[in-house]
Amino acid sequence: MNTQYTKFLAKFSLVALITASMILPSGVLVGIPVKYLLYIFCVVMLFAHWLRGAKIDSAYLFLFVAVLLFVAFFALVGSLHAAVPFYYVFSEGMIFVSTTTVTLLYLIGNSCKAIEDEEIVLSVFYGVLIFSLWKFIALMLVVFHIIPFEKLIYYLEKYAQCSPVTADMPGGFHRIALTGQDFVCAFFLYLIPVYPKLLSKISLFLRIVFMVTGTFAVVSSYSRYIFGFLAALWLYAFLFKFSFKKRVIACVIVAVILLLSLPWLIETFEARFTSLTAEQSDSIRYLQISALLDAWQELPILGGGLGYNAGNFTRDAYIYEVQWVSFLAKFGLIGISFLIFLLLLLFYKILAGKRSNDHYILAFALLCYVLCGFTNPILLSYISSIPYVLPLILASIFRKELLESLQSEKLEFPSTQNRFFTPTGKAVGAQ
């Protein structure tokens, strides 16, 4: 295979992996492990592209090996403690490897020019568009009583191996929360109106479709955290990014929404913030924190390894909503320090070099995703690599635009360092 052919296949595999990660909640469709097959294909194609002379940043390869060693070590620690069957230790280790190495694969592909910054952003957008569309259509089928809600959940569990958080919502609607995808939806609901140039290659029609279906997806997530995240982004845009005209339009839109849905919003606020159900949900998290801290104190340095748990108070299969505290119990002070180091590298890549206020917003978005690990188990999942990589890629795009702007200003106002002025004020050429 020649270099152009391997580059094309590497690009295709990366685009397919990104898009599938956004569309499929668990990476599986009708029993076929789509994401894992694409992952293997992506590794093979990037390796072939490297053999044909592509340059890969050695730092990414070092981190790739370091992650594998980290997982192998804590799988051994977890097996020695035998808190759960080895199958679960292996499964948890594979999810960790999948999340971290897929993140590195995207960065490796980008560093060797197999896929460009803009192509990554477009791939994520098309993936999140298809996700919001299928979620919108599925819930509309329930709203119009074409299929019962229970059957919809049955289909998701059977064919997509997906177990979303569900509940009844005010107004007869239903909640389907897929937190990772919903978080990315919320982020694009900010990006599209604030940075129209970013997705200018996407037709206006598709962008409008996403603004409708993406809003529906975020609302149906029924997540207090995602609501707050999106509100913070839109408040920043309103105060610092919108022109006076856009502010007026935004105020009109908000006023219309409030008039049409004020009773629903009040009922939703009460249900999600002041109801007995909300208090019970939060109380489970407090119990998890207490139990996990007790478990960590037994093994504070290395933790109990993969599979280690505090017994009760899990939602499903030893998964804790307070994921960061569970990491502390599993990996101890040494292991969690490595995880924090990996995250600091991400923040460094966002903020290093020339930057504008937009770069701090990207760092804020990544921070919100990371902190969401204190309320939802989303840090290690089939979608998690996208929220880690997307702010880095956007930071690169914004940085290039910033440098181009600075260069154009220099051309518009040329330097006078090679000129001097006579006592009469007349400029003459330097000798």
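Is Lys113 buried, partly exposed or exposed, judged by its relative accessibility? At 47% relative accessibility, Lys113 counts as partly exposed, where buried means under 20% relative accessible area, exposed means over 50% and partly exposed lies in between, computed with a 1.4 Å probe on protein chains only. The structure is a predicted model, in which local features need pLDDT of at least 70 and side-chain atom pairs count only at pLDDT 80 or more, while totals for chains, interfaces and linings use all residues. Residues are numbered from 1 along each chain as its sequence is written, and side-chain values use heavy atoms, with hydrogens and water left out.

**Loop residues with positive phi**

- Most residues other than glycine have a negative phi, and most peptide bonds are trans.
- Lys113, which is found in the loop between H4 and H5, has a positive phi of about 65° although it is not a glycine; helices (H or I, at least four residues) and strands (E, at least two) are DSSP runs, numbered from the N terminus.
- Gln161 also is not a glycine and has a positive phi, of about 45°, and it lies in the loop between helix H6 (149-159) and strand E1 (165-168).
- Gln161 is partly exposed, with a relative accessible area of 49%.

**Salt bridges**

- Side chains of opposite charge can pair when their charged atoms come close.
- The structure holds seven salt bridges, a salt bridge being a side-chain nitrogen of Lys or Arg within 4 Å of a carboxyl oxygen of Asp or Glu.
- One of them joins Glu92 and Lys330, whose closest N and O atoms are 3.0 Å apart; because Glu92 lies in helix H4 and Lys330 in helix H12, the pair ties together parts that are 238 residues apart in sequence.
- Glu92 is buried, with a relative accessible area of 13%, and Lys330 is buried as well, with a relative accessible area of 3%.
- Asp117 forms a salt bridge with Lys400, and the closest N and O atoms are 3.2 Å apart; this pair links distant parts of the chain, with Asp117 in helix H5 (residues 117-143) and Lys400 in helix H14 (residues 385-412), 283 residues apart.
- Asp117 is buried, with a relative accessible area of 5%, whereas Lys400 is partly exposed, with a relative accessible area of 34%.
- Asp117 and Lys400 also belong, together with Glu118, to a network of salt bridges.
- Lys241 forms a salt bridge with Asp358, with the closest N and O atoms 3.1 Å apart; here the linked parts are helix H9 (residues 224-241), which holds Lys241, and helix H13 (residues 357-371), which holds Asp358, and the two residues are 117 residues apart.
- Lys241 counts as partly exposed at 32% relative accessibility, while Asp358 counts as buried at 13%.

**The nonpolar core and Phe188**

- The largest nonpolar core has 129 residues, of which Phe187, Phe188 and Tyr190 touch the most other members; such a core is a set of buried Ala, Val, Leu, Ile, Met, Phe, Trp, Tyr and Cys residues joined through side-chain atoms within 4.5 Å.
- Helix H12 (residues 323-351) gives the largest share of this core, 14 residues.
- Not counting residues up to four places away in sequence, Phe188 touches Val121, Val124, Phe125, Val128, Pro193, Leu199, Phe210 and Leu390, where contact means heavy atoms within 4.5 Å.

**The packing of H5 and H7**

- Two packed helices are described by the angle between their axes and the distance between the axes.
- H5 and helix H7 (residues 179-194) pack at an angle of about 115°, with their axes 10 Å apart; axes are lines fitted to C-alpha atoms, for helices over the stretch in contact, and angles run from 0 to 180 degrees between N-to-C directions.
- Among the residues that make the contact are Val121, Val124 and Phe125 of H5 and Val184, Cys185 and Phe188 of H7.

**Two buried helix residues**

- Leu105, in helix H4 (residues 86-111), is buried, with a relative accessible area of 4%.
- Leaving aside neighbours within four places in sequence, Leu105 is in contact with Leu14, Tyr39, Cys42, Val43, Leu46 and Phe64.
- Ser221 is found in helix H8 (residues 204-221) and is buried, with a relative accessible area of 1%.
- With neighbours within four places in sequence left aside, the contacts of Ser221 include Lys135, Arg175 and Asp182.
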